[in-house]
Amino acid sequence: MPEIYKNIVSPFLYKQDSETWHTRAREALHLAEANPLTLWLLEKIATYKSERFYDERLNVVIGGVEFDNPLIVGAGWDKQGRAVRGLHQLGFSGVEVGSVLAYPQEGNPKPRQWMLTPGIAMNRLGFNSPGAEVVARNLRRYERDGIPVGISIGKNKDVPDIEAPGVHALVAEKLYDQAAYFVINVSSPNTPGLRKLQDKEPLTDIVQAVNGVMDVKGCRKPLFVKIAPDLTSTSVDDVIDVVLNNGLTGIIATNTTNSGDIKERYGRSANEMGGISGDDQEYRDMATAKVAHIRRVAGDSLEIIGVGGIKDTATALEKIKAGARAIQVVTAIRGEGPSVAAKINRGLVEYMQQEGISHINDLVGLDVDR
Ligand SMILES: Cc1cc2nc3c(=O)[nH]c(=O)nc-3n(C[C@H](O)[C@H](O)[C@H](O)COP(=O)(O)O)c2cc1C
């Protein structure tokens, strides 16, 4: 199946409009997940085994949330919350939905999403979102599934920075019942000025507003901040301070990169708007370096979710050994195909068996701590 996907399906898809394919794939999963037979077939196709891969050596707990395995679908794949069960069936333990905005927003003009090579993407979607109310309605369908759903929160473009805390809190309020955890996403390169909100003061205001809403609801759910790979070490240290000083759970590292050099490598212009993701070694290393830096500075006083260029067992292990307890995949679902999660999970267990490691937790931060 991986060979059929990579040799036949992927070259065909590569010629198609990336966003159109993406929407079709999501809607196909949405249809498949509604019926037990198609759901079972989906699992067969993805894992070519009769049952969903499960091994308790891969169980991880983050901020009190239990995940079957460390692989979560990263934000951006299912912005609307329409394919959570289908994605779970492919072997992911959870899905980060979003980024979700307080109000509906169209995003940037199309085309705005490209596969630069079969494994590398560029997007400038600009936070297209049906808005928090629609996403909450979509997610109610999964309430009894027990699949951990993270909610990534973004800010509408025309909301001034001063109102950013309020709109982030509004999304948390509307999606409180559906969320296993929340993420503040102020690291998208596609909303002008957004990344300034990663600075200490505005970020503190936002996290306090979201914590405030959760206090009113009665209980704080795990809260993360997602950072850009392009931040300086000093800026990452500021984010670490905000996370520790406000009792947050951790950091998701990283979002897409704005690097002009990487864009030029694939024939794009250095200063055009768009974030690069996927199978570029330099990008992957930037993201891994951020994970390792956070681990070095904060030890295990916060949790790290690693994301950026993960496509197989080796690239998953890099992030875990740099300090990530969980990892996310987005672009490789397209690049490697629907069996990517199942393959990585099996690969992790095989690696642990070879190395005599009894639980995935024993690998977290191994390269940094020694
Ligand atoms: C098409 C697309 C849309 C994305 N949308 C979001 C988003 O809305 N919010 C967010 O936090 N990250 C978003 N991302 C970033 C991913 O969550 C992830 O951080 C990044 O793609 C790196 O992971 P990857 O190399 O596995 O793709 C998006 C990525 C892609 C490719």
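I took the expected span of a helix as 1.5 Å times one less than its number of residues, with helices (H or I, at least four residues) and strands (E, at least two) being DSSP runs numbered from the N terminus. This is a predicted model, in which local features need pLDDT of at least 70 and side-chain atom pairs count only at pLDDT 80 or more, while totals for chains, interfaces and linings use all residues. Residues are numbered from 1 along each chain as its sequence is written, and side-chain values use heavy atoms, without hydrogens and water.

I first checked helix α6 (residues 164–175): its 12 residues should span 16 Å at 1.5 Å a residue, and the end C-alpha atoms are 17 Å apart, which agrees.

I then turned to α7, whose axis comes within 8 Å of that of α6 and crosses it at roughly 35°; the axes are lines fitted to C-alpha atoms, for helices over the stretch in contact, with angles from 0 to 180 degrees between N-to-C directions. On the α6 side, Ala164, Pro165, His168, Ala169, Ala172 and Glu173 meet Asp205, Ile206, Ala209, Val210, Val213 and Lys217 of α7.

Finally, I noted that Ile151 touches residues including Val171 and Leu175.

Notes: Contact = heavy atoms within 4.5 Å. Lists of a residue's contacts leave out its neighbours within four places in sequence.
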